Amino acid sequence: MTQRTLAIIKPDAVAKGVAGQILGRIEQGGFTILAAKLIHMSREQAAGFYIVHKARPFYASLCAFMTEGPCLPLVLEGDEAIQRWRDLMGATDPAKAAPGTIRRDFAASIEANAVHGSDSPESAAFEIPYFFAALEICPR
Ligand code: CMP
């Protein structure tokens, strides 16, 4: 089934200069990039995006990390895009991520973990319009 998912190349990966390599893996992985923008989130914008994690002990630190510098949100489309993008990212904790995954290769810690991906169709339905207006998404 063709799906759309929200991906983010996080501030740590943009700052390290590996955004291009991650985009290459996305394209080689067979995803179509429908939308992309470089943005530097405010604390309020990061807090709203991660509102589902509000009760977690790492919430404040996560919001601070996501505002350290610009990040690159993307809308990806493809067959089973939600799970396939999560597979390509690897486990949240890079120490547990499989060899060859993006987090294994580019992430420094469970927080500064290089990339984000929607975890369900319901999450994608919240996350895609959080960053992109309908006219900013380019269907193919
Ligand atoms: P992400 O896939 O964007 O979803 C929530 C984010 O919270 C996660 O990636 C990490 O950046 C962060 N995160 C998850 N678990 C922890 C943790 N135990 N400590 C710190 N940050 C975490």
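Predicted model: local features only at pLDDT ≥ 70, side-chain atom pairs only at ≥ 80, totals over all residues.
Residues are numbered from 1 along each chain as its sequence is written, and side-chain values use heavy atoms, with hydrogens and water left out. Local features need pLDDT of at least 70 and side-chain atom pairs count only at pLDDT 80 or more, while totals for chains, interfaces and linings use all residues.

**Cores**

A nonpolar core is a set of buried Ala, Val, Leu, Ile, Met, Phe, Trp, Tyr and Cys residues joined through side-chain atoms within 4.5 Å. Buried means under 20% relative accessible area, exposed over 50%, and partly exposed in between (1.4 Å probe, protein chains only). The largest nonpolar core has 22 residues, of which Leu6, Ile8, Met66, Val75, Phe131, Phe132 and Ile137 touch the most other members. At least two residues of this core come from each of strand E1 (2–9), strand E2 (32–36), helix H3 (43–49), helix H4 (59–66) and helix H7 (121–131). Helices (H or I, at least four residues) and strands (E, at least two) are DSSP runs, numbered from the N terminus. H4 gives the most to this core, with five residues. A second, separate core of 20 residues includes Ile26, Phe31, Ile33 and Val115.

Contact means heavy atoms within 4.5 Å. Leaving aside residues up to four places away in sequence, Phe131 touches Leu6, Ile8, Lys37, Ile39, Met41, Phe49, Pro73 and Glu136. Pro73 lies in strand E3 (residues 72–79) and counts as buried because its relative accessibility is 0%.

The buried residues of H4 are Tyr59, Leu62, Cys63, Phe65 and Met66. They are on the same side of H4 because they cover an arc of only 160 degrees around the axis; the arc is that of the directions from the helix axis to the C-beta atoms. These residues pack against E1, helix H1 (11–16) and H3.

In helix H5 (residues 81–89), the buried residues are Ala81, Ile82, Trp85 and Met89. They fall within an arc of 100 degrees seen down the axis, so they line one face of H5. Their cover includes E1, helix H2 (19–28), E3 and H7. Gly90 follows H5 and has a positive phi, near 90 degrees.

Gln3, in strand E1, counts as buried because its relative accessibility is 13%. A polar atom of the Gln3 side chain lies 3.3 Å from the backbone nitrogen of Ala81.

**Ligand site**

Among the residues around the ligand are Lys10, Tyr50, His53, Arg103, Glu111, Asn113 and His116, each with a heavy atom within 4 Å of it.

| Residue | Part of the residue | Distance to a ligand oxygen atom |
|---|---|---|
| Glu111 | backbone N or O atom | 2.9 Å |
| Asn113 | polar side-chain atom | 3.2 Å |
| His116 | side-chain N or O atom | 2.8 Å |

On its own the ligand has 460 Å² of accessible area, and the protein covers 80% of this. Accessible areas come from the Shrake-Rupley method with a 1.4 Å probe; for residues, only the protein chains shown count as cover.

How values were computed
Polar contact = N/O pair within 3.5 Å; in protein donor to acceptor, adjacent residues only side chain to side chain.
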